[in-house]
Structures are given as C-alpha cells and as structure tokens.
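Thanks for coming. I will show one structure and then talk through a few parts of it.

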Amino acid sequence: MATLNVLVLVCFLYVTFLFAIAFGADRAARRGRGTWLRSPVVYTLSLSIYCTAWTFYGAVGFAARSGLEFVTIYLGPTLVMIGWWWTLRKMVRVGRSQRITSVADLISSRYGKSNLLAVFVTVLAVIGTTPYIALQLQSVTLSFATFAANEPTGTELPSQQSIALWVALGLAVFTILFGTRNLDANERHHGVVMAIALEAVVKLFALLAVGVFVVWGLAGGIGETLARIDASPIAAWEVSGSRWVGLTMLSAAAFLCLPRMFQVMVVENEDEGHLRTASWAFPAYLMLMSLFVLPIAAVGLDVLPEGANPDLFVLTLPLQEGRDGLAILSFIGGFSSATSMVIVAAIALSTMVSNHVVMPVWLWITGGSAVMSGDLRNVALLARRISIAGIVLLGYLYFHMSGGGTALAEIGLVSFAGVAQFLPALMGGLFWRAANHTGALAGLATGFAVWMYCLFLPSFGPSSALPQAVLDHGLFGLHWLRPQALFGTEGMDPLVHAVMWSMSLNTIVFVTVSIISFPRPVERLQGAQFVNVFEHSGNTAGWTGGLAQSEDLLIMSQRIIGAPQAQALFATAATRQGLAGYLPEPSPDFLQELERELSGSVGAATAHAMISQIVGGATVSVEDLMAVADETAQIMEYSSRLEAKTEEQERTARQLREANQKLTQLSVQKDAFLSQISHELRTPMTSIRAFSEILRDTRGLKAAEKSKYAAIIHDETVRLTRLLDDLLDLSVLENGQVVLNSQTGHLDALLDRAIAASGLDKRTFRIERDRLAEDVMLTTDLDRLAQVFINLISNARKYCDSASPVLKIAPKRQNDRLLIDFIDNGSGIPTDHQSMIFEKFSRIGETKAGGAGLGLAICREIMARLGGDISYLPGQSGAAFRVTLPQSPDTAGSTASA
Amino acid sequence: MSSERGPVFLERRTYRRRRMADAARLLPILGAALFGLPLLWGIEGEATPTTRVMFYIFSTWLVLTVLTAVISRYLRQEKQDPPDTGEW
C-alpha cells in the first residue's frame, strides 16, 4: 500500500508544481520579464507534445509486436523538421503575418475566409481528436491500475472510471485556468507552454532512466542487450515496405496537420528564428525518445511472464524488479505525456470550436449585428472555456463508452489518418495559387468520407459500427466497395489501404475541382498572399471606408479585444495618420490592421464579416485582381503607386481642410469670446454701477436694503474676480510660468474633496465610484489635479441632460500610467464638436450654464504641466473624459499591494 | 535577382546562404531515401537482423541531425528581411 500512497502523493506534488510553474511563467511574462520564456529551447521542447502517452507507453508495445516498425512514427516528423525550409517556415510566416489562430483558421482564411470550411475542419478535428484524448485518459488509468495490481493489499482501489474522471476534471481546470487567460488566441500562453516544456524534459528523462536501467541494470551492458534483441521474437527485420513508407508519410502528414501541433508550432511561435534551432533539436529529441524502445521491448518480452501487456513494459519492468522509485518516475513520465497532449489539444480545439462554431451562431442568434451593447469578450471567453470542458468531457465519454478496451490501442494511427486529410488543402493553399474554396471543400469531404468508411467505422471492431455484411461484401452488396478492399485492392494492410485511398482520392478531387471551378476575388487575393508570403509581406487590400465609421468600429473593437487595447490601437493609428484623439481615418491600411487584430480573437472569417458589416463590404476592384496576375504586375505596380499617391494626397487635402475648418472655427470663437467677455464683464459692471449709484444718491434707505445692495455689489465683484482669475490662470499655465507643488496623497481622498467642492447634490446626481481601484497613492500637484476633477464633475452636473444623471468615475492602471475615466449618462458630445471642446472660449451651443468656456482649456493645460493628458473618450454611454497621469515606479508598487 | 553589386565578401555570403538554402531543401529528400534504404536489404532469402537495421537507422538519424544543425547555422535571418507585420 505504501507505494500506491507515495505514488498518489508524488502525483499530487507534481501537479501542484506544474500549476506553480505555469503561474510563475504567466506572471513573469505579464511583467515583461522572462526572456528565457521566449528561448528556442522552450519552443523545441513544447513541440514534444507530439510524443503523447501513446508514444511513451505504446511505442514499446508497438516494438514488441512489430519490431523496428515503431520508429516510423518518429521518422515522419523528423523528415518534416529537417525539411523546415520547405513547409514549416512558410506555415509559420503565414501564421504570423495573417494572425492565424488554428488549422481551421488557416484553411478558412486561405480560401476566402470561408466559415463553412472552418466549421468543416473543426468538426473533423474534433472527431479525430476525441478518441485520442480518450486514449490518454486510458493510459493514465491503466498505468495507475498496474501499480495497484502490484500491491499486496490492493483492495481499496478506486475504479478506473473514477480515476479517469478525476484526471479529466483536473486537466479541464488547468487548461481553463491557463489557456483562456487572454482572449487573443494569437497571444502566447506562456504558462501552458512552460509547463509543457517542463513535462517534455520529465518524460524524456523518465524514458531514458528506464532505458539505462534496462540496458545496464537488467541486461548487463550494450552487447548483452543486443544479444537479447537477437534472441527475441522481433530479431528479424520483416517490415512490409508499404507499411514502412505509408506510416512514415502518415506521421509526417499528421505532424503538420494535428491541431495541437499547429498550436505549438505556429500559433505559439514567438520568433521565426526558433524554427532554426528546432529543425535539428527536435529530431534529436525524437531520436533520444526512441533510442531505448527496442531494448526495453526485447528485455520485457524476455523477462516478463507470457501475456503481460507490452504497452506497459516501461512500467512493469521496474516494478517487477522492485525498483519502485524508477517505476514512479516512469509513471510521472507517462502522466506528463498524457496531460500535456490533452491540455494543448483542448486549447487548440476550443479556439476552433468557439471561433468558428459558437461565436458565429451566437452572433446570428443575437441578431447578427456587430454594433450593439454588451461586451463580446466575455461571451467569447465563456465560449472557449465551455468548449474546453466539453472537449475533455467528450474524451472522457468516449473512454467511458468504449470501456477502455484494447480497441483504443489502434486509435492513435486512425486518428492520425483522420487529421492527415487536411494536408492537401493545407499544402495546396500554401504552394498552389489556383487552389480554391470549392476544391478544398470537395477534397476534404471526399477524404473524410473515405477515412470514415474504410478506417474509422471498422476500427470499432467487426459488426459494431459497420455490419459484418458490409465488411465482407461491400456497401449495397457492391463487391468493389468493400471498406478494406476498395476497387478490388485486396490483401493490403487495412491502415495503409485506407490512408492510400483517402489521401489520393482527397488530392485528386481537390486538384480537379480546383481546376474546374473559379475562385472568388477574395480567394485569389488571399491565395497570392499565402503562396508569395516571402515576396510581399501582407497587403490584402480591399477595404475602403468612409469617415463616419471610425466610431462604430471603435465601439465594436472595444467589445471584442477590450476597451484599453482597442483604444490604444485606434490612438496609435490616429497618431500615425497625424491626427489627435482616438478616431483615425478608416484608411485601407488601418482597416486591414484592425481586421488582423480582431481575427486574433475571433478568427479571420468572423472578423472579416464584422468589419464588412460596418464598412459596407470588401471592395475588391478590378485593379486589385489585375495586380494578382503576374503579367501586368509591373504596370499595375506603377499605377497602384500612383493611386496610393493620389489617396495620400486626398488624405492630406482632407487633413488640410480639417485644419482650415478648425482655424475658421477658432476665429469665430475668438470673436464670439470677445463679445462674450465684454458681455460677461459688462453685466456685473452694470449692476455694480447701478447699485452703487442707488447707494450714493437715494436717501432714506433702510439698513436692510443697504446691506442687500452692498451684498449684490460684492457678489458681482466676486464673479468678476473669478473670471479674471481664470483668464490669468490660463495665461500663466500657457506660458509655463506655473510653479508645481508636489505632494503625496490618496486618490480617493482627492476625489472626495473634489466631489464636495463641486457643489453636487447627491440626491439628484448619483456618482458611481470604484473604491477598490481608487486605493492609489499619487505624487503630483494635488491641488491642481483636484481643480481638474472639480471641473469635470461640475461640467457633468451642468451639462448631463439625463433624467436621472449618473457619473461614473473609473480609475485603472495601464502599464505605468493611471487612467481615470469620468463617464456620464447624458447624450455626450457630438463628433463634430469633440475636437473643439478643449480650445479656449469654446462652448457648445447656447449654454444655460453660462461659463466662459475656459474650464476644459485650463484642465488641458494643467494636465500637460503634470506630465499627463486629458482627452475626450468617444464611444461610451455619454460624455466621457479620460484623465491620464504618469505613475512613477514606487507609487506603482503601492498599487499592486493594494 | 537584383543587379546591384555589393562588396565582394558580402556577395560571397549571400551566395553561401543561397546554397545552404538549397542544401536545406534537399536534406529531407536525402533523409527519406536513406530511411527507405533498409527495405532493399533482405537478400538471399535470409532475414536481416533487427539490430543491424537499428544501428543503421540511428546513425543515419544522428548524421541528419548534425547536418541540419550545421546548415541551419548558415540560414540565420538576414537583416534586410522584411520586418514582421504588426510592428507598432
């Protein structure tokens, strides 16, 4: 019983350790530390999720049954890695430049951003991967049961099903925790990748340790081991050529197409240069993984009793020899292989399911409009989390239903053959410009159907999924349709037979249909982009937008990638175009960048659909299409350069017009101000004169009357003084003569003060505050900052036209800056006025409140002096102002602890 | 492809890089051929021992790995390569 307890304890500690590693890596990455997270070594190790529990345990079993043939499973990927210059380099480049999130996304994006294709690939991937996940669960439970069986008092043993359930639950939790931290599926999952890299080291170490033990501990040296192999039933090299070649090709294809491989290889890739290292380091890793497989198999066959399961030799050999420590290490190795596969597969599949199935359906159900209230990010994240749970659950159910029997052992290769069906569409998409949507769909459907019929259904065993009659006599009694002897090809290995027919029919249909049918314009453009990715990096073209759509786009993007990111993206684009604020011109460049950014979150197809909804459809012009054709490329390049220049000029002209308009407006405002200021000065002056004359000339005034008139005179003088103070203040600020008085204080105390000073009636005007976020220490000129706050709050009080006005004050940290948003629920400020409100003397419309229009101008000057900024935030529920303050590192520290 | 001429040593380097790219392209083909070779071995009705094939496969594997490592050293990313997208 002791060993079993130790095993459970070690397992538990190991899992805790993995959580800690993932957490630490995520944290380090978030803080911008941890360059080691981005090293090529970590990338190479993460590729090792190719080696699942099926290879960890199963390779020995495979070798015990068919000798050296097992090595083909590793030779295929080795050849692919060695040939990285052909395919992987291109795949990674395309994946990065198009912000691809999954295989489904790559295929759909290449073939005109078709969601139908994406859904199809997703479904195929789920069908192909579910049995594989079940296989991992089975291997963990089997290895656990092996330990339990070795116990003398193995009575108190939980059932296999319940172990599998616990493992599945734990994996789902881990994946949800670290796999869905950020919505952008294109962002790296540092925590997950780090945990996987660690597991890669553990499984390699475990297998090598067992190997060393077997060769030098059990067999007694290399020579002895070789003698044992020569004496074993697998001594002779009797590999069928078709299986050797077929399996190598199959594993190579699967290596490129498996969703989980795509995830670590392309999506999580940080730097193309890492491929260079992986190109030789990963083959070396695979070689080490398979180095001791044959010795272990031979010695196991020799030492262990007849009928022992060869799939578990890695575990039973040390156990038999009483090496419990080694056995536990080996168990942990197998456990690592199983868990890392499930985690990455679940992340990869959940991205596909949520981006291509759940999100489109959800958008469609909720009216299909991209511009509406609510935060889409939460929906997408929830969808992804539910998908993860669903996928792991599906694996568990498959395991549960199949009863964990031997039928599962073969499923690894069956699953490989299923996902290998993506290969023609994938490679065609990368290398052949004429490959099109219809062809890809037809090829995939054909390959999938043949795979289903010839391999997947028969794999459940005779007369379970397919009736025996069909197996023997073919579908509808047609002899040439026998699933394991299509078109009369008898006597072939069923696997090779199915792979050969499904892949060749898939390819033939794909090529033929592609040749016959005609692609849509978007496909042709995407085709040129993908195939010639090294010549021109990225210019999908085709978006032209009007001016009014920027705000709509901002509203939509805020809901998908989150408000801070969207605002930062828009602000940067605006700055690049030489505009201030958050609304850039919807130029084709910007729209394309935005679409890429969005597709990192929701996939290419959905992102494209959403933008076209707002901008009004992609306009792929005849010129664009001609640019695709090589023969006119040069002429077209010249004319497109001219066109770009014209566009540039048009934009400059628009900017000039804008500047001119602003100047005119300013001049009008100045005139208006002069009359306003004389009016403002005259009104109090008039009453002061009038009342002082009354005081001087009227006799017999009562004392009460006298003091009343004097009070009026006093009030008016105060008003005058305030006006003059404001003017003086502004001129001092503008000339930079102001002396700042730096103090340290709490933000919430400052806001309390500002609210009290702004004379707000709390019964009629509600203020929503976030006390937790306000717990920030500030070191700045607090009085000046309070002046800004008071101004913003009293502006809200004066101008918010809602029946029940609410002002929301939301502070948040972003990098090393503190943002404080003041958002009310009124009707906001019209877009055409937004650029003017910070100008001096500007007042919007005829205001009842009667300020001189200096408040916001003063605020802006103050914030500039404090090293921060104040700006109008469009696309909110009402008028919204954002105060930005720089934060020094020491004050930032106190925020983190708060 | 372009007709501009750089200093001699630079041209040599570009040339070397191009040839190394050729080698990188050919290597998987060579590897496939080498890995397929044992299929042609079983002569005179006598079965080849597994151990011999094992030695052959693993040494080929090692040689291919080392070759790839050497070649990929030359294929470092060029400075004038187009920058990544999303550079902002």
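Predicted model: local features only at pLDDT ≥ 70, side-chain atom pairs only at ≥ 80, totals over all residues.

First, the contact between the chains. On the chain B side, 35 residues are in contact with 38 residues of chain A. Helix 1 (8-36) and helix 2 (50-74) of chain B each supply at least two residues of that side. Helix 2 of chain B gives the most, with 13 residues. Sorted by class, the side of chain B that touches chain A has 21 nonpolar, 12 polar and two charged residues.

Next, helix 6 of chain A, residues 88-97. Just after helix 6 of chain A, Arg99(A) takes a positive phi of about 50 degrees.

Last, the sheet in chain A. Five strands form an open, mixed sheet in the order 2-4-5-7-6. Strand 2 (766-769) and strand 6 (869-872) of chain A are at the edges with a single partner each, so one side of each has no neighbour in the sheet. Strand 4 (806-814) and strand 5 (817-824) of chain A pair in the antiparallel sense over eight bridges, and Lys808(A) stands opposite Ile823(A) in strand 5. Helix 33 (782-799) of chain A lies across strands 4, 5, 6 and 7, at about 20 degrees to strand 5.

Definitions and conventions:
Residues numbered from 1 in each chain as written. Chains lettered and ligands numbered in written order. Contact = placed C-beta atoms within 7 Å. Helix = DSSP H or I, 4+ residues; strand = E, 2+ residues; numbered from the N terminus. Nonpolar A, V, L, I, M, F, W, Y, C, P; charged D, E, K, R; others polar. Pairing = 2+ DSSP bridges. Axes fitted to C-alpha atoms, helices over the stretch in contact; angles between N-to-C directions.
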